[in-house]
Amino acid sequence: MKPRESLIRAKQFQLEDARRRLAQIEIMVGELMRMAGELDQQIEIEELRSGVTDPDHYAYPTFARAARQRRDNLRASIDELSGQRERAAQAVAAAEADYVTQMQKAERSDERDRRVGARAPARTAAAAPQTH
């Protein structure tokens, strides 16, 4: 295996790894958003059942208060993961650029090798001493 082929494979692996990390973060964000939405529904149901919607009211349901705290924690996690998602998207873009650059270099090198290889036999034959 040529060194440039190894480099291309390494860049391809880095790109796939960056894409995989981005996909995992997006899945986690989606799951946390779904869970926060479910908690919103549970809070609304509990508030309707009790008739108290003010979290500072003394009669506010304990379950709704705990669900609010869990939902707020989930939203904080979503915010943190959103930052990670941005960084992961940038890493994917950088890995794609590196991969494309390596592929272009390899193509230019292959083309140069083909041109040199096509001309080499002609030069060899012309350069060979002729004995008559």
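The accessible surface of the chain comes to about 9600 Å² in this predicted model. Carbon and sulfur atoms account for 54% of that surface. What share of the 132 residues counts as buried? The figure is 21%.

**Overall build**

The chain has 2 helices and 0 strands. Take the contacts between residues at least 6 apart in sequence. Of these, 69% join residues at least 24 apart.

| Property of the chain | Value |
|---|---|
| Accessible surface | about 9600 Å² |
| Share of surface from carbon and sulfur atoms | 54% |
| Residues counted as buried | 21% |
| Contacts joining residues at least 24 apart, among those at least 6 apart | 69% |

**Helix H1**

H1 covers residues 3-50. The helix holds 48 residues. From its first C-alpha to its last, H1 reaches 70 Å. That is close to the 70 Å expected at 1.5 Å a residue. Just after H1 comes Gly51, with a positive phi of about 80°.

**A look at Leu15**

Leu15 sits in H1. Is Leu15 buried or exposed? Leu15 counts as buried, because its relative accessibility is 5% and the cut-off for buried is under 20%.

Which residues does Leu15 touch, leaving aside those up to four places away in sequence? They are Val92, Ala95, Glu96 and Tyr99. Ala95 shows how sequence and space can part ways. Leu15 and Ala95 are 80 residues apart in sequence. In space, their C-alpha atoms are 4.9 Å apart.

Notes. Residues are numbered from 1 along each chain as its sequence is written. This is a predicted model: local features need pLDDT of at least 70, side-chain atom pairs count only at pLDDT 80 or more; totals for chains, interfaces and linings use all residues. Side-chain values use heavy atoms; hydrogens and water are left out. Helices (H or I, at least four residues) and strands (E, at least two) are DSSP runs, numbered from the N terminus. Buried means under 20% relative accessible area, exposed over 50%, partly exposed in between (1.4 Å probe, protein chains only). Contact means heavy atoms within 4.5 Å. The expected span of a helix is 1.5 Å times one less than its number of residues. Accessible areas come from the Shrake-Rupley method with a 1.4 Å probe; for residues, only the protein chains shown count as cover.
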